[in-house]
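Please keep the sequence and the coordinates at hand while reading.

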Amino acid sequence: MNAIPSEKIETTETDENLAAVSEVEAGIRDFVRNDIAYLRRPSATTATTDTAAAPASTLGLEGTAEAAVNNVNSLIQRVAGTSLGEIENLIGELETLRDLLHAEGQRVQREISSYAQLSQAAMKSTRMIAENVAQWKRAADTLRHG
């Protein structure tokens with residue numbers, strides 16, 4: 001019964017994560033579309049200026065494009081920053097878990113070795129007892145017959 005609710009929780013978390021990612025991607029797309037549309041629109045200054053002023057307006061568009069790229073980079077860094085932090089935390093937890101599992105594996109190996117030694121000692125004791133009982137039985141048989 002426990003497996004079904006955990007699958008539902010994981011599915012819900014996955015759906016929420018996918019929805020968040022989709023929402024961020026949609027925001028980035030809209031942002032880029034708006035910036036590109038802004039860059040494609042002829043500005044009033046470029047339409048009214050003569051050819052000598054064209055390089056200045058081109059520099060203005062390049063500055064605007066650079067600002068748009070910086071805005072997109074900033075947005076991506078904010079979105080990715082949270083994910084990277086979560087991934088780093090997960091990596092830390094997994095490393096801790098790996099160390100714990102390694103330590104537990106060594107402990108289990110020591111326990112198995114200890115039980116093997118105990119088992120061998122018990123077998124030796126049992127053989128000695130069996131040999132002594134056999135000797136006593138032979139001695140008792142010789143006393144009866146002798």
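## The largest pocket

What volume does the largest pocket have? The largest pocket has a volume of about 330 Å³, where a pocket is, on a 1 Å grid over the protein atoms alone, an open set of points where a 1.4 Å probe fits, with protein on both sides within 12 Å along at least five of seven lines. Grid points are joined across faces, edges and corners, and the volume is the space filled by probe spheres set on them. The model is predicted, with local features needing pLDDT of at least 70 and side-chain atom pairs counting only at pLDDT 80 or more, while totals for chains, interfaces and linings use all residues. Residues are numbered from 1 along each chain as its sequence is written, and side-chain values use heavy atoms, with hydrogens and water left out.

Lining residues, which have an atom within 4 Å of a grid point, include Asn17, Val21, Val24, Ile28, Ile76, Val79 and Glu86. Helices α1 (3-40) and α3 each supply at least two residues of this lining. By class, the lining has six nonpolar, three polar and three charged residues; Ala, Val, Leu, Ile, Met, Phe, Trp, Tyr, Cys and Pro count as nonpolar, Asp, Glu, Lys and Arg as charged, and the others, Gly among them, as polar. Valine 24 belongs to helix α1, and its C-alpha atom is separated by 9.1 Å from that of isoleucine 76, 52 residues apart along the chain. Valine 24 counts as partly exposed because its relative accessible area is 28%, the classes being buried under 20%, exposed over 50% and partly exposed in between (1.4 Å probe, protein chains only).

## Fold and exposure

The protein chain comes to three helices and zero strands, in the pattern α-α-α along the sequence; helices (H or I, at least four residues) and strands (E, at least two) are DSSP runs, numbered from the N terminus. Buried residues make up 1% of the 146 residues. The chain exposes about 12,500 Å², of which carbon and sulfur atoms supply 60%, with accessible areas taken from the Shrake-Rupley method with a 1.4 Å probe.

## Salt bridges

A search of the whole structure finds three salt bridges, each defined as a side-chain nitrogen of Lys or Arg within 4 Å of a carboxyl oxygen of Asp or Glu. Arginine 107 and glutamate 104 pair at 3.0 Å, N to O, and both lie in helix α3, three residues apart, about one turn of the helix. Arginine 107 is partly exposed at 36% relative accessibility, as is glutamate 104 at 34%.

Arginine 144 and aspartate 141 meet at 3.9 Å, N to O, and because they are three residues apart in helix α3, about one helical turn separates them. Here arginine 144 is exposed at 69%, whereas aspartate 141 is partly exposed at 30%. In the remaining pair, arginine 98 and aspartate 99 meet at 3.7 Å, N to O; arginine 98 is exposed at 53% and aspartate 99 partly exposed at 47%.

## A nonpolar surface patch

Leu90, Leu94, Leu97, Leu100 and Leu101 form a nonpolar patch on the surface, with about 490 Å² of accessible area together. Patches are made of residues with over 30% relative accessible area and no salt bridge, with like charges joined within 9 Å and nonpolar side chains (Val, Leu, Ile, Met, Phe, Trp, Tyr) within 5 Å. Leucine 97 lies in helix α3 (residues 54-145) and is partly exposed, with a relative accessible area of 43%.
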